[in-house]
Amino acid sequence: MSNDKFLLFCFPFAGGTAEFYDKLENACGETVKFVKLEYPGHGTRIKEPLSHSFAELTNDLYPQIIDTLNKNPDMDYSMIGYSMGSIAMFDMLKRVVFDNKCRKPWRVFLSAHQPQPIKALRNIPADGIDDWVKERTIDFGGIDRRLFHNKSFWRVYLPIFKADYQMIADYDFGSDSFRTEIPATVFYSEEDTPYEEMVGWREYFTESCEFVEYTGSHFFIETYYEDMAEVIKSQYRRDRTGEVL
């Protein structure tokens, strides 16, 4: 396609909202048209019922993706996921490929999550799940530790985090036979999700799966969003024009 601008569908982290991608969008500039997806029960959709599986989430978001692509028939597109969003994006990619109702992305971007479920959650006693979810969310840097005992905050947000984490715990990578030649770029930090775990994405992206390493904790995007924006734009130039980076 000849359009120099491309669409980027964005999948947030567990408990996150579409606004999470604002900094990356600003850094990318006018080259990229962001489509920041909002999960049911999150952000601007806070009053809607939460999804309890990635199948439910994909069913919800898929019509929006199809509609956006139909309205922009001359634009290439990609998808990016951060943390839980990487699994959400991966599940959406399977739907796109298997349904064959729309063109495929030129490349996808995965960040800060290995192709594995949260196995630890499966072994947490029912009376300990709430504190485990709070600790995990705080340790990841998603919220301030001073909110740990804030009942008003958790009354609203604990059900959201619990539902999202449970989705990750239940996702079955082991039986997944999906393989694709669509290229992938994986952003990660060795301190957060080690390469030896992230390299597992190569099992699914068989043609080209490239890795970009950063430093820092889970939300390294807060430090490196400008660099990530350059990688995304540079990849598009390289993939579409053959330009050497």
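Student: Is K71 buried or exposed?
Tutor: K71 is exposed, at a relative accessible area of 61%. Buried means under 20% relative accessible area, exposed over 50%, and partly exposed in between, with a 1.4 Å probe and protein chains only. This is a predicted model, in which local features need pLDDT of at least 70, side-chain atom pairs count only at pLDDT 80 or more, and totals for chains, interfaces and linings use all residues. Residues are numbered from 1 along each chain as its sequence is written, and side-chain values use heavy atoms, with hydrogens and water left out.

Student: What does the K71 side chain meet in a salt bridge?
Tutor: D67, with 3.1 Å from N to O. A salt bridge here is a side-chain nitrogen of Lys or Arg within 4 Å of a carboxyl oxygen of Asp or Glu.

Student: Where do D67 and K71 lie?
Tutor: Both are in helix α2 (residues 54-71), four residues apart, about one turn of the helix. Helices are DSSP runs of H or I, at least four residues, numbered from the N terminus. D67 is partly exposed at 37%.

Student: Switching topic, which residue does K162 form a salt bridge with?
Tutor: D130, the closest N and O atoms being 2.9 Å apart. K162 belongs to helix α5 (residues 151-170) and D130 to helix α4 (residues 129-139), so the pair ties together parts 32 residues apart in sequence.

Student: How many salt bridges does the structure hold?
Tutor: It holds 14.

Student: Which residues are linked in a network of salt bridges?
Tutor: R107, E210, R238 and D239. Within it, D239 pairs with R238 at 3.7 Å between the closest N and O atoms.

Methods:
Helix = DSSP H or I, 4+ residues; strand = E, 2+ residues; numbered from the N terminus.
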